[in-house]
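Please look through the sequence and the model before reading on.

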Amino acid sequence: PGEPRGHDDTETMSGFVASFKSLDFYRKLKKDLLHELTDSSTSGVALSVVAALVMIGLVVAELSAYMTIATDSRIVLDHFESSSDDTLQVNFNFSFPHLKCEYSSVDATNFMGTHDAGLAARVNKVRLDKIGRALSRHEDRKTELKHTIDAAPHEGPFTAMSLKESVFEVKHHEYDIMIVNFFAPWCHWCQRLEPVWEKSATQMNEKHPIETDKRVLLAKVDCTGKESETLCVKHKIDAFPTIMVFRRDDNGRSFHETYHGERSLDKITAWADNLVAQQNKEIQKTRSVDVDKDGVAESNAGVGCMISGLLHVQRAPGMLKIQAVSDSHQFNWETMDVSHTINHLSFGPFLSETAWAVLPPHIAAVVGSLDDRKYVSDAHVPTTLEHAIKVVRHEVSPPSSMKLDPVVSYGYTAHSNKVQKEGEVPTVRINYDILPVVVQYGEKKNSFYAFLTSLCGIVGGVFVTAGILASLLDNTARLLMVKEELGKLG
């Protein structure tokens with residue numbers, strides 16, 4: 001009879017297990033043979049310790065690199081998803097210490113020369129005193145400033161005293177109030193004002209005779225005369241006519257207000273009467289006078305202007321231009337000073353605090369590259385200050401753990417230059433070019449399988465390298481021992 005079937009099954013199972021064990025890549029020495037077939041050495045122990053330390057250090061470094069979130073950047077072509085993306089917001093805040101708000105004009109043009117390229121413009125002007133402090137907000141006149149243009153020539157002696165530099169300070173401190181018309185004979189508006197000014201001086205002289213009543217004097221200074229030219233430079237007269245107020249108690253730090261009201265006999269004399277009433281303490285003393293209470297001051301002490309606001313411009317090369325413009329003055333371009341401080345200049349919507357926190361430092365630094373920069377014109381030379389700007393869009397994807405939408409910002413690089421040319425109108429020009437590319441930034445994190453692969457490479461590589469070194473050391477030591485036994489060492 002045959003062997004039991006159970007015995008055959010047992011042999012089959014044993015054979016399967018034996019075949020399976022033959023697949024073991026990591027066979028072990030039997031314990032009773034371990035000490036007979038292997039031997040330890042001091043160098044091997046030292047090398048094992050060093051290998052273990054190197055292995056631990058590399059594993060820690062790899063783990064740190066895996067946990068660290070790196071950034072990745074790429075450049076792609078910009079494209080407009082909607083018609084609203086065709087425009088870009090420009091935010092600006094400039095301070096001009098020597099350009100009055102009454103004259104300052106902001107204009108935007110594009111590369112085709114189209115004016116008023118700034119859409120939905122919102123511009124604010126704040127008057128500054130001569131040390132840069134804010135005085136009051138300036139509102140541009142909504143109606144044209146009225147002037148007496150058909151005044152008959154003045155008859156009789158000239159009452160407005162003509163002053164030269166040699167007597168200016170004497171008269172300044174002789175009268176409580178001295179109102180001076182700084183003019184140039186070639187100025188069209190000065191010629192129109194001349195008969196009105198003489199009649200105003202005559203009328204004020206009838207009320208307050210200048211020989212006996214030292215309360216008020218209306219005078220004039222010809223800024224083209226050799227004996228008064230330096231006087232006009234001293235008081236920074238760059239627009240004609242300029243009507244300025246001087247008081248007896250002025251000192252070197254005093255502010256001198258200028259008249260910007262209607263150039264008519266009634267308005268000028270009413271304004272002068274208001275100054276006299278202030279000096280008599282009949283009304284409150286102020287350097288911002290609004291005689292007719294229409295909300296627009298006839299005179300103020302502003303000598304500079306802070307211009308701020310925002311424009312929406314087309315995404316095309318263009319220019320933002322700031323210069324002196326007036327429909328009632330003529331300017332001396334040689335003394336016109338457009339020195340300025342760029343308090344702020346940026347492109348795109350204002351960023352929230354969260355957005356600022358997300359932006360990498362090197363991107364946040366170029367959002368307002370020109371902020372707090374000061375630019376100075378040369379004295380007595382028509383100077384235009386140009387800023388050439390290249391604007392690029394950045395898209396920063398926050399870490400996935402923050403669960404925030406990508407932050408869009410606009411950075412720019414700038415190059416500034418002075419242009420000095422006779423006949424050139426002193427201007428501040430911001431030439432901008434919006435590049436049609438987007439620089440995208442996002443997190444870059446190694447995958448877990450790459451991390452595991454690196455760990456395996458570290459362990460295996462260090463282990464194999466240490467084994468090679470151990471073998472070399474062992475063979476070298478054995479070779480030296482053989483040579484020593486043969487007497488060939490040394």
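Among contacts in the protein between residues at least 6 apart in sequence, what percentage join residues at least 24 apart?

## Overall organisation

The model described here is predicted. Among its contacts between residues at least 6 apart in sequence, 80% link residues at least 24 apart.

The protein contains ten helices and 20 strands. It has 490 residues, of which 39% count as buried.

## The nonpolar cores

The largest nonpolar core comprises 34 residues, and those with the most contacts inside it are Phe94, Leu345, Phe347 and Ile389. At least two residues of this core are supplied by each of the following strands: S2 (87-96), S13 (304-314), S14 (318-324), S16 (340-347), S18 (383-396), S19 (407-420) and S20 (427-444). The largest share, five residues, comes from S2. A second, separate core has 22 residues, including Leu163, Cys187, Cys223 and Leu231. As a general background, nonpolar side chains in soluble globular proteins tend to be buried together.

Leaving aside neighbours within four places in sequence, Phe347 is in contact with Leu88, Gln89, Val90, Asn91, Ile389, Val391, Tyr410, Tyr412 and Tyr432.

## The pairing of H3 and H10

Helix H3 (residues 42-67) packs with helix H10 (residues 448-486) at an angle of about 160°, and their axes are 10 Å apart. Because angles over 145 degrees count as roughly antiparallel, H3 is roughly antiparallel to H10. The crossing of H3 past H10 is right-handed.

On the H3 side, the contact is made by Leu47, Ala51, Val54, Met55, Leu58, Val59, Glu62, Leu63 and Tyr66. H10 contributes Phe448, Phe451, Ser454, Leu455, Ile458, Val459, Val462, Phe463, Ala466, Leu469, Ala470 and Leu473. The residues of this contact between H3 and H10 comprise 19 nonpolar, one polar and one charged.

## A buried loop residue

Is Ser328 buried or exposed? This residue is situated in the loop between S14 and strand S15 (330-331). Its relative accessibility is 4%, and buried means under 20%, so Ser328 counts as buried.

Ser328 and His260 are 68 residues apart along the chain, and their C-alpha atoms are separated by 9.7 Å.

Conventions: Residues are numbered from 1 along each chain as its sequence is written. This is a predicted model: local features need pLDDT of at least 70, side-chain atom pairs count only at pLDDT 80 or more; totals for chains, interfaces and linings use all residues. Side-chain values use heavy atoms; hydrogens and water are left out. A nonpolar core is a set of buried Ala, Val, Leu, Ile, Met, Phe, Trp, Tyr and Cys residues joined through side-chain atoms within 4.5 Å. Buried means under 20% relative accessible area, exposed over 50%, partly exposed in between (1.4 Å probe, protein chains only). Helices (H or I, at least four residues) and strands (E, at least two) are DSSP runs, numbered from the N terminus. Contact means heavy atoms within 4.5 Å. Axes are lines fitted to C-alpha atoms, for helices over the stretch in contact, and angles run from 0 to 180 degrees between N-to-C directions. Angles under 35 degrees count as roughly parallel, over 145 as roughly antiparallel, 65 to 115 as roughly perpendicular and the rest as oblique. A crossing is left-handed if the near helix is turned anticlockwise from the far one by less than a right angle, and right-handed if clockwise. Ala, Val, Leu, Ile, Met, Phe, Trp, Tyr, Cys and Pro count as nonpolar, Asp, Glu, Lys and Arg as charged, and the others, Gly among them, as polar.
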